[in-house]
Amino acid sequence: MTESAATPSAEQLGEDYFQDPHAHFARMREEGPVTSVVLPHGDRVWLVTRYADVRAALADPRLYKDWAGKLTSPDWVPDAVTGYLSVHLLNADPPDHTRLRKLVAKAFTARRVAGLRPRVEAITAELLDAMEARFAAGEDAVDLIEAFAFPLPVTVICELLGVPVGDRDKFREWSHAIVASDGDPGSFRAAGTAMFYYFNELVAAKRAHPADDMISALVEARDAGDSLNERELIAMLFLLLVAGHETTTNLIASGVLALLTHPDQLERLRADQSLLPGAVEELLRFVNPLNHATDRFTLEPVEIGGVLIPAREWVLCVTSSANLDPGRFPDAERLEVEREAGGHLAFGHGIHYCLGAPLARLEGEVAFGALLSRFPSLSLAASASTLRWRPSSLIHGLETLPVRLA
């Protein structure tokens, strides 16, 4: 075991980290199992990058999530926005996590999600119709994110929750500010505040006029004396809306880019769409919509991969690096749509495994299948080397994806 100093030297990551994080992760995997770094926005964290260590760390109860309850001083009083938006599933440990997850898990069971397929297919067809109309009107190229990869999952999650679909552009703006790492706390604060007041008004409206949607069901559970308080309700909606579209948006956009830059794999998938379910798993592994799982921290020294991480340190389990670890996936940096990609960590592992995984898989399968069928000559409208990635340490997502439809 390597004893680490209380304040170890840390590698400073620059802005290039956002544009090519995988190059950094590949080097880190080679050099050691855990690396102390300073992220571009200034936070010092430990990055766990090898598959076996990442998988074990994701299920390690010594890595905690509830920073508000365990890291703050006893006299700390959060402001309204922080106090409401921070008490969601991804910032909770058992037993609170167990209670909160149980309240929403039934909405994302495999059987319930399978029942959403007709609606997902209908929304997909509507979006592709609109793209086709733009092509017929002489518009050869479109931004696939703006036209398809964003509106599909956000429309689905809005309908599931009972949120007005017409507000989806607001959600995109707020979500981008929430997950960005551009060093602008003002943008984060403004977005969080806007979402806080938006959901407060929406909950009040659902309480007055319940509907057949998840928000109404969660409101009813709270008002019936179940274990969801007002703060937890607002935070749950915040989490479900942001998480309910970010991963799938990036899966679709980055997955299309991966297929277009691997034409042999694209043709194999076009020739045999029975490969779609497995191809979605491979794309999840390969494009990694998130760089890493959400933050964890230590309360006591914790050994990972032979490295001792001190107490009260932040730890990031780099799932995208784990998914490209050649020790787990042979020829890991090659896309192979017929690969057996089971065991990838794109949705995490352990008690925080992504609740929305069945829905993301369904949306990905429907989206890729319909898009490739409708536009068999789909191609990039810009050089792949000119595409830019969003400035976020958490999200690995393109800013735009210009494509030609024919």
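This is a predicted model: local features need pLDDT of at least 70, side-chain atom pairs count only at pLDDT 80 or more; totals for chains, interfaces and linings use all residues.

Visitor: OK, how many bridges join S2 to S3, and which way do they run?

Guide: Five bridges join them, and the two strands run antiparallel. S2 covers residues 34-38, while S3 covers residues 44-48.

Visitor: What sits between S2 and S3?

Guide: They form a hairpin, with five residues between the strands. Gly42 is in that turn, and its phi is positive, about 110 degrees.

Visitor: Which sense does S3 pair in with S9?

Guide: Parallel, over three bridges, with S9 spanning residues 314-317.

Visitor: Is S3 mostly covered or mostly open, then?

Guide: Mostly covered: four of its five residues are buried.

Visitor: New topic. Where is His88?

Guide: His88 is in the loop between helix H5 (80-85) and helix H6 (96-105).

Visitor: Buried or exposed? And why do you call it that?

Guide: His88 counts as buried because its relative accessible area is 9%, and the cut-off for buried is under 20%.

Visitor: What is His88 in contact with?

Guide: Leaving aside neighbours within four places in sequence, His88 is in contact with Ala235, Phe238 and Leu239.

Visitor: And what lies 3.1 Å from a polar atom of its side chain?

Guide: That's the backbone nitrogen of Leu90, 3.1 Å from a polar atom of the His88 side chain.

Methods
Residues are numbered from 1 along each chain as its sequence is written. Side-chain values use heavy atoms; hydrogens and water are left out. Buried means under 20% relative accessible area, exposed over 50%, partly exposed in between (1.4 Å probe, protein chains only). Two strands pair if DSSP finds at least two bridges between them. A polar contact is a pair of N or O atoms within 3.5 Å; within protein, one must be able to donate a hydrogen and the other to accept it, and residues adjacent in sequence count only if both atoms are side-chain atoms. Contact means heavy atoms within 4.5 Å.
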